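The sequence and the model come first.

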Amino acid sequence: MSKKHPGGESLPATPSTPSTPSTATDRSPDREVPAATPAPDPKRWWALAVISLAQLMVILDGTIVNIALPSAQHALGMSDADRQWVITAYTLAFGGLLLLGGRIADLVGRKRTFVIGLAGFAAASALGGAAAGPGMLFAARALQGAFAAVLAPSALSLLTTTFTDPKERARAFGVYGALAGGGSAVGLIVGGLLTEYLNWRWSLYVNVPIALAALLGAPAFLRDRSGRRGGHLDVPGALLGCGGLVALVYGFSEAEPRGWTSPSVLTLLVAGVILLVAFVWWQSRAASPLLPLRIVKDRVRAGSLATMGLATIGMFGVFLFLTYYLQVVLGYPPVRTGLAFVPISAGIVIGATQIAARLLPRTAPRTLMSSGMVLAAAGMVLLSSLTVHAQYVTHVLPALLLLGLGMGLTFMPVYATATAGVPAQDAGVASAVLNTVQQMGASLGTVLLNTIATGATSRYVHSHVHDPGHGGATLDEGMVHGFSVAYWCSAGVLLLAALVAGVTVRPKTPKHAGDDAPA
């Protein structure tokens with residue numbers, strides 16, 4: 001993106017020093033005047049710490065209650081049919097409201113919405129921890145998702161406008177990508193520790209001190225311009241877009257218990273598609289669209305979004321399957337199960353901060369993305385060979401390390417590339433699009449892969465039910481067989497993501513984002 005002159009459009013939305021008189025006043029048409037370079041914010045790394053805390057809280061809350069769910073179900077007298085709403089209520093609100101949250105951040109101001117999102121998330125977490133019944137817990141989880149939909153896009157857009165130097169931006173996105181990819185694994189670890197040594201309520205209460213720490217740092221370290229003057233919220237677009245996303249997320253969540261051919265599931269999925277088609281049509285005609293289509297029409301950005309979507313479809317099933325494999329098949333207790341995911345978190349951190357962040361300034365983003373997806377696919381192939389008698393160190397650990405490195409190598413350049421070159425007035429909604437793709441990919445991947453695994457398990461058990469050589473081990477073997485089939489499917493999706501990244505993403509390192517200029 002070309003730089004703007006001080007006599008015309010404004011500079012990138014980062015704190016800057018006043019321009020010199022010659023730069024600010026010389027507007028002679030006979031010669032071009034170089035734009036003033038904004039001085040870097042001296043508190044920018046503290047700002048990264050605040051943003052990272054918020055990002056970690058939002059991501060880990062998608063999985064932290066997974067291990068605590070059996071205890072919560074028993075304590076609150078929750079039925080088996082209703083327990084899935086502890087997960088679904090969060091993902092439904094989060095995935096469905098992200099676009100609206102991103103545009104609100106652009107209109108109101110990202111720092112302001114960041115603070116509102118933090119405070120609301122903390123309050124909702126405290127409410128959920130004090131839940132006296134299932135309904136109160138479901139409502140609290142929905143509120144968490146709603147405030148996360150405001151918090152997540154404002155956090156990412158603050159990051160894009162705070163770090164503009166290519167090398168610093170790579171380091172910052174390395175940290176952010178590590179948290180985005182590893183937060184789910186961290187949630188399983190923390191959830192296991194809290195459930196075993198305290199109780200399930202602390203899987204929600206733990207968000208309160210994290211949010212308070214970020215709230216204390218936000219006023220001191222975050223910098224942002226005020227909301228866009230004269231902007232209007234696209235109400236029809238919000239209704240169509242959010243309605244379509246909610247219908248799809250709800251449809252995906254109901255596909256597992258009800259089946260893909262259920263009339264209610266089909267109705268939700270079809271309604272979601274129709275609403276999203278109408279949303280795209282309206283966005284091309286609205287005066288102040290919720291999602292300016294120029295953001296997703298860019299081939300490189302669209303390729304990065306597609307890579308993220310495919311990566312999360314292929315990756316997020318691994319957390320569910322490995323949790324069941326470790327606890328049900330190998331008999332691990334909650335804490336040991338959570339600690340078993342430490343290598344994947346370590347791999348993500350190393351891949352994102354020590355490899356991708358160092359290579360991105362001089363390496364093509366598509367090279368990192370494609371390489372990461374190939375590594376992750378290799379990890380999935382290793383997991384497909386697990387048996388009921390496999391050993392963690394020799395069979396599971398190598399796969400987790402490959403998966404972690406692959407995710408770190410992929411997510412970091414995806415975040416940097418998908419948000420590069422976006423005008424500052426659209427940074428919030430662009431960040432929301434990326435978060436939406438990630439959330440939808442995780443929801444779709446979990447449902448699809450779980451359906452594949454369940455079907456393969458049923459067929460295996462049915463075909464071996466009269467086999468005298470298996471006896472009581474048939475159920476465990478059938479479960480492992482189902483997981484193996486799902487891992488092969490995941491590997492295929494990840495290889496497709498590698499191909500998409502290699503074909504669509506630019507060969508050059510992305511420039512910084514955050515210019516307050518039209519696209």
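Asn207 has a relative accessibility of 0% and therefore counts as buried, where buried means under 20% relative accessible area, exposed over 50%, and partly exposed in between (1.4 Å probe, protein chains only). The model is predicted: local features need pLDDT of at least 70, side-chain atom pairs count only at pLDDT 80 or more, and totals for chains, interfaces and linings use all residues. Residues are numbered from 1 along each chain as its sequence is written, and side-chain values use heavy atoms, with hydrogens and water left out.

The side chain of Asn207 makes a polar contact with that of Ser125 at 3.2 Å. Such a contact is a pair of N or O atoms within 3.5 Å, one able to donate a hydrogen and the other to accept it.

Ala149 is also buried, at 0% relative accessibility. Between Ala149 and Gly117 there are 8.0 Å in space, C-alpha to C-alpha, and 32 residues in sequence.

On the surface, Lys167, Arg171, Arg358 and Arg362 gather in a patch of positive charge. Lys167 is exposed, with a relative accessible area of 59%. Leu193, Tyr197, Leu198, Trp202, Leu339 and Val342 form a nonpolar surface patch with about 580 Å² of accessible area together. Within this group, Leu339 is partly exposed at 42%. Patch residues have over 30% relative accessible area and no salt bridge, with like charges joined within 9 Å and nonpolar side chains within 5 Å.

The helices are DSSP runs (H or I, at least four residues).

| Residue | Helix |
|---|---|
| Ala149 | H6 (residues 134-162) |
| Lys167 | H7 (residues 166-197) |
| Asn207 | H9 (residues 207-221) |
| Leu339 | H15 (residues 334-339) |

Note on methods
Accessible areas come from the Shrake-Rupley method with a 1.4 Å probe; for residues, only the protein chains shown count as cover. A salt bridge is a side-chain nitrogen of Lys or Arg within 4 Å of a carboxyl oxygen of Asp or Glu. Lys and Arg count as positive and Asp and Glu as negative; His and the chain ends are not counted. The place of a charge is taken as NZ of Lys, CZ of Arg, CG of Asp or CD of Glu. Helices (H or I, at least four residues) and strands (E, at least two) are DSSP runs, numbered from the N terminus.
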